[in-house]
Amino acid sequence: LPILYMIKNKFIGKIELMKNMNIKPNFSELARQYGVDRHTIAKYYHQEKRIPVKRNKESYLYPYLDEIKQKADLCRCTKKALFQYFQNKYGVEEFKCYNTFTYFTRKHDICTSDHSENPKLRYETEPGDQLQVDWKESIKMKRKDGTVIQFELFAATFSYSRYHFFLYSRSKTTEDFLRCLIDVLYMSGGMPKRILTDNMTAVVSINNGTRQKHPIIKQFESDIGIHIQLCKVRHPYTKGKVESSNRFVEWLKPYDGELESEGELIEVIKKFNQQINEETNQTTGIPPVVLMKKEIEHLQPIPNKILMDTYIQDVNVQKVPETLLVTYKGHGYSVSKKLMGKRVKLVPVANQLYIYFNTKLQCVHKISSSKFNYKKDHYCEALRSTVKGGSDKEIEKRAEQNLALLDKIGG
């Protein structure tokens with residue numbers, strides 16, 4: 001083929017030269033010289049000079065240009081998130097090729113929030129060794145009616161297979177962390193050797209630079225037989241696989257203002273979760289759902305379900321009344337005055353009652369048979385707002401007297 005191409009170029013060049021000099025060629029002689037049919041040479045001699053045709057045909061995506069621009073300006077999400085939104089909306093027949101979509105957005109100067117990350121060293125783990133978990137915090141989505149849904153997204157990724165789980169949660173307390181983690185273990189059908197997470201308030205408290213796991217977390221590790229490993233402080237990239245999975249939350253942005261209910265949002269998250277695991281991973285070159293089959297073979301058996309469920313049962317959410325006493329099993333337990341009118345979460349563990357507001361632990365009470373269980377500082381704080389002009393000593397004395405009377409009544 002290369003030889004024929006060279007011969008063709010040579011006789012075409014000679015014909016062009018003869019045409020410019022107004023010399024009529026001997027077609028038969030040229031045919032013998034170059035081993036080409038004389039009719040072929042005659043065709044090239046008689047044809048007019050060809051003008052290259054410029055094709056101005058627009059991309060098949062052009063009818064969607066205005067909508068793509070509008071959605072990109074509105075949500076400022078990644079190209080991948082934008083492509084996934086339109087593919088889910090119009091189908092794979094209309095939006096079939098991501099590369100075509102990226103070329104189209106570049107050609108029309110459609111800006112997205114794509115960015116390149118600083119290079120980081122990669123490391124790999126054995127199947128069944130590690131599950132990385134994290135929260136994607138305080139996500140806000142508008143419904144069609146304009147009201148806002150604020151939620152947390154629990155993200156969990158098996159390090160070997162890159163298999164992802166995304167779970168919707170209204171808050172991110174310790175109880176929420178354990179509930180989501182237990183759900184992931186149930187859905188996986190087994191447990192990894194260790195769980196890697198950052199220093200989230202649901203797992204640890206940090207005082208004077210010292211990290212301390214919550215008692216309930218330590219108890220969970222002991223009962224279930226799993227180690228929850230903490231990342232080095234200010235080194236979140238050590239759990240880079242779950243961090244990279246957070247980019248898929250970008251896929252939700254184009255749905256802002258498109259959904260009607262919380263339930264519809266949860267269904268979108270589930271749909272994305274499935275699509276993510278069926279997509280070819282850029283690092284492994286294999287879809288996570290395929291590698292997960294091998295990972296499952298190396299997972300440890302899940303402990304007794306009754307034992308697991310003790311960590312997610314008896315959880316109670318209450319609005320703090322004016323008495324500052326929230327109720328557990330008919331007995332009142334105090335909280336700070338600043339929580340009055342707010343909704344707090346009660347989590348009983350062993351013989352103690354943990355009270356949370358949002359993600360922060362507010363106080364811990366020993367579970368008691370007494371009807372009224374005020375902490376002295378809570379009572380004094382409330383008393384100061386009702387008794388004007390009293391000294392700290394007088395308020396403290398009055399609090400002690402009142403609490404002693406309450407003990408007699410409620411004992």
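Tutor: Arginine 162 lies in the loop between strand S2 (148-158) and strand S3 (164-169). Helices (H or I, at least four residues) and strands (E, at least two) are DSSP runs, numbered from the N terminus. This is a predicted model, where local features need pLDDT of at least 70, side-chain atom pairs count only at pLDDT 80 or more, and totals for chains, interfaces and linings use all residues. Residues are numbered from 1 along each chain as its sequence is written, and side-chain values use heavy atoms, with hydrogens and water left out.

Student: Is arginine 162 buried or exposed?

Tutor: Buried means under 20% relative accessible area, exposed over 50%, and partly exposed in between (1.4 Å probe, protein chains only). Arginine 162 counts as buried because its relative accessibility is 6%. Its phi is near 65°, a positive value in a residue other than glycine.

Student: Which value does phi of serine 138 have?

Tutor: Phi of serine 138 is near 50°, also positive in a residue other than glycine. Serine 138 sits in strand S1 (residues 130-142). With 42% relative accessibility, serine 138 counts as partly exposed.

Student: How do I read a core?

Tutor: In soluble globular proteins, nonpolar side chains tend to be buried together. A nonpolar core is a set of buried Ala, Val, Leu, Ile, Met, Phe, Trp, Tyr and Cys residues joined through side-chain atoms within 4.5 Å. The largest one here has 37 residues, and those with the most contacts inside it include Leu131, Phe154 and Phe220. Among the elements that give two or more residues to this core are S1, S2, S3 and helix H7 (174-188). H7 gives the most, with seven residues. A second, separate core of 34 residues includes Ile139, Tyr168, Val268 and Ile276.

Student: How many residues does helix H10 have?

Tutor: The expected span of a helix is 1.5 Å times one less than its number of residues. Helix H10 (residues 262-278) has 17 residues and reaches 25 Å from its first C-alpha to its last, close to the 24 Å expected. Its buried residues include Leu265, Val268 and Phe272. The buried residues of H10 pack against S1, S2 and S3, among other elements.

Student: Where is aspartate 392 found?

Tutor: Aspartate 392 is in helix H14 (residues 392-410). Aspartate 392 is exposed, at a relative accessible area of 51%. Aspartate 392 and cysteine 380 are twelve residues apart in sequence and 8.7 Å apart in space, C-alpha to C-alpha.

Methods. Contact means heavy atoms within 4.5 Å.
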